[in-house]
Amino acid sequence: MKKKVTLGNMISFGVGDLYGGGAFFVIGSLFMIFLTDVAGLRASLAGMIIMIGKIWDAVTDPTMGYISDHTKSRHGRRRVYFLIGIIPIFVSFSLLWFSFSSSQGVKVFYYLMTYLLFNTVFTMVMVPYNSLPAEMSSEYAVRSKMIGIRMLFSQTGMLLGAILAMTIVKFFETPARGYLIMGCIFGLIYALPWYFVYRGTFERDYSQEEERKSLGDSLKELASNFASTYQNKSLRVHIGMYLCAYVAMDIFMALFIYYLRDYLNKENLYSVLLGVLVITQMISLVAVVMECKKNGNAKTYRRHLFIWMIGILVFSLFNHETPLIFLLVTSLIVGAGLSGAVTVPYNMLAFVVDADEMITRKRREGTYSGMMTFVRKIAQALALFLVGMGIEALGYQSSEGGQVFIQDPGTIMGIRFMFMLAPLILLIIGFIISYGFKINPSNHETMIREIDRLRQDGCKSQVEPDTRHVVEIITGLPYEDLWKE
């Protein structure tokens, strides 16, 4: 008899993403400036560390998936890692924010090792965690509720990072101590909920499952499945939209504190402005989802990219005398644009999977989700590496222990233009690419009707001309090449 998933189970599951969303946000927005201005690393070396760590994170995901599939313990094959991870989560996150005086080589070794440790622990816990909705229920509605509650906790983790992280750092006399205490506090916030995730969730019975494939065969099959998804035109366009929005966000978040401190001389407003941005992003989510249902994903995406671009352009016009109210309003504008820009690509994934079914006759949500995660992590690695290389090329001077270092006027102006132009160029590219995404509410309904007809042994030769046209522009393939074994 299947267990019923209660609201308590859903909340127990969701609380785990305080770590998933929160740690990702804090590191993305503060780790670069910690490495350059507290640890004293050159910007290019800081970017290199983050790039290597993210690539490691991406390539270890499928290996951890295999390990969790083959784990046998009385605590389950997924949930056992929540117990194992509690102490490593605290330790690995805290160690990232420890600073010391030494040579550049020793520092690179230390921060690279600690960042690899953090990403290994993150993968060890989050890969099994991501499998839980499918483990706990086969019902679409139940899984959707679980994901919705999870997203609330993820956004809460981001909000805590936006408001509290730098507030804690500023509370202490030295940035070095402030960052370390912040790391320990957030390490506890991220670690402790996993006991409740373990206690409040469950897994299915594996006793009747067949023997699974070897790691090598599993990775070969995964690579083959990843490669096969690229025949889907809707996926190719989706990836372009997804990467443009998310890489623009990575660059914006990484440079935001440099822009505030070095150009506007308003570092004290960082937590306030970032808090407004994240709160606006959270509040806008419901409106974005409703807009997607009414107008389609591509139109919603373009509208919010345009709002975000306006916010970036306004930010670029400010100076150190700009009143607080203008900064707050502009953060609100960016938050509203960012909400749609990063939510729509997630919403699009299910529709892209429908197009894949029209091509392959298979439902491959897991393959598509895994592939998108892999692409996302690789792209973020390269983006943050280029940010580090870029600010060093501008002449940025790192400092040790958080000492205030006045950058050259040319460097400051370079940061200003980099903060504006790099995300803006990516958003313009994403805006243009989105016109290639042809799935809207009307033609998606047409495609689903055709899939249902073919499932019921309908003859391909009897396809309506309009339906043929719709599925061809969505998939990018001739109708004769669709719905094949």
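Reply: A crossing of two helices is left-handed if the near helix is turned anticlockwise from the far one by less than a right angle, and right-handed if clockwise. The model shown is a predicted one, in which local features need pLDDT of at least 70 and side-chain atom pairs count only at pLDDT 80 or more, while totals for chains, interfaces and linings use all residues. Residues are numbered from 1 along each chain as its sequence is written, and side-chain values use heavy atoms, with hydrogens and water left out.

Me: What is the handedness of the crossing of α1 and α8?

Reply: The crossing of α1 and α8 is left-handed. Helix α1 covers residues 7-14 and helix α8 residues 193-200; their axes come within 8 Å and cross at roughly 145°. The contact (heavy atoms within 4.5 Å) is made by Asn9, Ser12 and Phe13 of α1 with Phe196, Val197 and Gly200 of α8. Axes are lines fitted to C-alpha atoms, for helices over the stretch in contact, and angles run from 0 to 180 degrees between N-to-C directions. Helices themselves are DSSP runs (H or I, at least four residues), numbered from the N terminus.

Me: Why is the pair Arg42 and Glu392 called a salt bridge?

Reply: A salt bridge requires a side-chain nitrogen of Lys or Arg within 4 Å of a carboxyl oxygen of Asp or Glu. For Arg42 and Glu392 the N to O distance is 3.0 Å, so the pair meets the rule. Arg42 lies in the loop between α2 (17-37) and α3 (43-70), and Glu392 in helix α14 (residues 365-393), 350 residues apart. By this rule the count comes to 18 salt bridges.

Me: Why does Arg42 count as partly exposed?

Reply: Buried means under 20% relative accessible area, exposed over 50%, and partly exposed in between (1.4 Å probe, protein chains only). Arg42 has 44% relative accessibility, so Arg42 counts as partly exposed. Glu392, with a relative accessible area of 24%, is therefore partly exposed.

Me: Are Asp57 and Lys377 buried or exposed?

Reply: Asp57 has a relative accessible area of 1% and is therefore buried. Lys377, at 9%, counts as buried. Asp57 forms a salt bridge with Lys377, the closest N and O atoms being 3.2 Å apart. The pair links distant parts of the chain, with Asp57 in helix α3 and Lys377 in helix α14, 320 residues apart.

Me: Why is Asn265 called exposed?

Reply: The relative accessible area of Asn265 is 62%, so Asn265 is exposed. Asn265 is placed in the loop between α10 (233-263) and α11 (270-295). Asn265 touches Leu260 and His320, not counting residues up to four places away in sequence.

Methods:
Helices (H or I, at least four residues) and strands (E, at least two) are DSSP runs, numbered from the N terminus.
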